[in-house]
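Please look at the sequence and the structure first.

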Amino acid sequence: MTERKYAIQSKINSEAERVHYAITHMAENKAYRYAVERNGGDPEGRLLESFRERFRDYRNGWREQPRRAIDENLTGEAFAQSGMQPLCLDIEVAAVCDLACPFCFRQYIATPDKVISEKLYRRLIDECARLQIPSVKLNWRGEPLLHPKLPEFIDMAKRAGVLETLINTNATRLDETLSRALIEAGLDQIIYSFDGGTKETYEKMRVGRFRPNTFEKVYGNIRRFAEIRRELGAAFPYTKIQMILTEDTFNEQDSFFALFEDCVDDVSVKAYTERGGYLPDLDEASRAEIGPILDAYGVDHNAAYWRDLNNDLYVAKDRLACEQPYQRLIVTYDGRVSMCCYDWGSEHPVGYVDQDGFARGNADYVKVRKAIDAGKPGFAEFMAEARMPKPHIEPPRVVQNLREIWTGETIDAVRKHHVCGRVEDVKICKRCPFKETYDWVCIKSQVAAA
C-alpha cells in the first residue's frame with residue numbers, strides 16, 4: 001500500500017509519545033482502576049500488563065488494521081470473519097457549538113443544536129463493552145463541553161472498560177469546576193482546537209456565536225487546566241493542542257508553539273481540510289510555473305494541492321482507499337451512523353442505532369434553516385449559506401446494533417469501491433478534502449513555492 005502522508009504534524013512523534021505516555025501511566029487509567037476493584041486487586045501486576053498490551057494492540061491496529069484489510073481486499077464475509085472490530089466509536093454527545101469559525105462546515109451545512117440523550121449514550125457504551133471497543137471519542141460536529149453530563153458520560157465509559165476516552169474542545173467553557181470534573185472522571189486525552197498564534201488572529205478565526213469569544217479567556221482556561229492537573233497529581237488527561245493551517249495562521253506557527261509548549265503535552269498543526277485546496281485556486285503565475293511538472297508526473301491540473309507546515313508544496317497524483325471505514329464508526333446525537341468524520345451532514349449514513357435517526361428525518365435540520373431565514377441571532381449572521389444535507393443513500397430504516405452495521409451491506413459497498421481503486425465512484429468520497437485519502441507528490445524542490 002502507498003505510504004500515506006498525514007494531515008496532523010508536530011515537532012515530536014505524536015503517536016509514539018502518546019502511546020509511551022499511556023503505557024507509562026496505565027496504573028492511573030481509570031478503566032484499569034475499576035478493573036482492579038472488580039478483581040479484588042492486582043498484586044502480581046498481570047492485570048496491569050494486560051491493559052498495557054491491549055493499548056499497544058489498539059494503537060498498532062489503528063494503522064495496521066486498515067492496511068491489512070485494504071491489502072488483502074477484505075470485504076463481505078471475509079471482512080466479517082476477520083475478527084476486525086471498530087477501534088473507536090465517535091459519539092456525538094453534542095451537535096451544538098458556541099463558536100462560528102469561518103472555516104467550519106457548520107457555516108455551509110445546516111447542523112442541529114442538539115445533545116444526545118442519556119438513554120442512547122448508555123446503550124452505546126453497553127455495546128462498546130460487549131464488542132470491547134478500545135476507545136470512545138465523545139464529540140463530532142459540536143462542542144462536547146456543552147453537554148451537562150459529559151463528566152458522568154466519561155466515567156460511565158471507563159466503568160465499562162473503555163481504554164481511552166477522548167474529546168476535542170474549543171475550551172471556551174473549560175472553567176475550574178469542569179476542569180476538575182473531567183480529570184476526576186478519568187478523561188484520557190483532551191485535544192484543544194485553538195487557531196492562531198496571536199490574539200488578533202485567534203479572535204478572527206474563533207468567533208463567538210452567541211457572545212464574544214476572547215483570546216485571554218480561552219488561553220487562560222487551557223493554562224489553568226494544566227495547573228489543576230498538576231495540583232491534583234493526575235497523569236491524565238494527556239493534553240494536545242491543534243491549529244489549522246490557513247492563510248491567516250500559517251506564518252504564526254512559531255508563536256503558536258511558543259504559547260503552549262510549556263503547558264500542553266503535544267503542540268501540533270493540521271492541514272486545512274475543510275474546503276478548497278485545488279490547483280485552480282493558485283494564482284496564474286504559480287499555475288504556469290508548475291504546469292510542466294504536473295505534466296511530467298501525469299497530474300491533473302485541477303488536482304488537490306497541499307502546503308505542509310514546512311511550506312513544501314504537494315499535489316495529488318491519485319486517490320487512496322480511506323482508512324476510516326476500517327477504524328471507526330460515528331454516531332450522531334439522534335442515532336444515525338456514519339463511516340467518516342468528513343461526512344458532516346451524515347449524507348451517506350451506513351445504518352441507525354435509534355429510530356430517531358430515520359423517524360424524525362431532517363426535522364432538526366429544517367429548524368436550523370428556518371432560524372437562519374428568520375434572522376435569529378447566532379444563525380443568520382454566520383450561517384446564511386448553510387444548505388440542507390442531501391442524503392446520497394438510504395440504508396434500511398431499521399434499528400441495528402453496532403456489529404450489524406460494522407459488517408453490513410451499506411458500509412461494505414463503500415469498502416469494495418475503495419479497495420478496487422474506485423474511490424471517486426462513492427459520491428460522498430468524490431473530491432473529499434481528507435488529506436490522507438490522496439497519493440501526494442512533493443514538487444517544492446523543483447519549483448519555488450507559490
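## Strands and their cover

How many of the 6 residues of strand β7 (residues 266–271) are buried? Strand β7 is mostly covered, with 5 of its 6 residues buried. Buried stands for under 20% relative accessible area, exposed for over 50%, and partly exposed for what lies in between, with a 1.4 Å probe and protein chains only. Helices (H or I, at least four residues) and strands (E, at least two) are DSSP runs numbered from the N terminus. The model is predicted: local features need pLDDT of at least 70 and side-chain atom pairs count only at pLDDT 80 or more, while totals for chains, interfaces and linings use all residues. Residues are numbered from 1 along each chain as its sequence is written, and side-chain values use heavy atoms, with hydrogens and water left out.

Strand β7 pairs with strand β6 (residues 238–245) in the parallel sense, over 6 bridges. Two strands pair if DSSP finds at least two bridges between them. Opposite I244 stands K270 of β7. Strand β2 (residues 88–91) is covered on both faces: C88 and D90 are buried on one side, L89 and I91 on the other. It runs parallel to β3, with 3 bridges joining the two. The bridge partner of C88 in β3 is S135.

## Aromatic pairs

A pair of aromatic rings is described by the distance of the centres and the angle of the planes. Rings of Phe, Tyr and Trp (its six-membered ring) pair if their centres lie within 6.5 Å; planes under 30 degrees apart count as stacked, over 60 as edge-to-face and the rest as tilted. The structure holds 20 such pairs. In one of them, Y202 and F215 have ring centres 6.1 Å apart and planes at 75°, so the pair is edge-to-face. This pair links distant parts of the chain, since Y202 belongs to helix α8 (residues 199–205) and F215 to helix α9 (residues 215–231), 13 residues apart. Y202 counts as buried because its relative accessibility is 0%. F215 has a relative accessible area of 10%, so F215 is buried too.

F256 and F257 also form an edge-to-face aromatic pair, with 6.1 Å from centre to centre and 80° between the planes. Both residues are buried. Which residues make up the aromatic cluster that includes Y202 and F256? The cluster consists of F194, Y202, F215, Y219, F256, F257 and F260.

## Charges over rings

A charge sits over a ring if NZ of Lys or CZ of Arg is within 6 Å of the ring centre and within 35 degrees of the ring normal. R319 lies over the face of Y438, at 4.5 Å from the ring centre. R415 is placed over the face of W406, at 4.7 Å from the ring centre.

## Cavities

On a 1 Å grid over the protein atoms alone, a cavity is a set of points where a 1.4 Å probe fits but cannot get out; lining residues have an atom within 4 Å of a point.

Residues lining the largest cavity include R18, Y21, F55, E164, D188, F236 and Y238. Helix α1 (residues 14–24) gives the largest share of this lining, 3 residues. By class, the lining has 7 nonpolar, 2 polar and 3 charged residues. Here Ala, Val, Leu, Ile, Met, Phe, Trp, Tyr, Cys and Pro count as nonpolar, Asp, Glu, Lys and Arg as charged, and the others, Gly among them, as polar.

## Loops and backbone

F236, one of the residues lining the largest cavity, is joined to P237 by a cis peptide bond, with omega near 5°. P237 lies in the loop between α9 and β6.

Is Q132 buried or exposed? Q132 counts as exposed because its relative accessibility is 61%. Q132 is in the loop between α5 (118–131) and β3 (135–137), and has a positive phi of about 55° although it is not a glycine. S346, in the loop between β11 (336–338) and β12 (351–352), also has a positive phi, near 50°. At 2% relative accessibility, S346 counts as buried.

Definitions and conventions: 1 Å grid on protein atoms, 1.4 Å probe; cavity = no way out; pocket = protein on both sides within 12 Å on 5 of 7 lines; lining within 4 Å.
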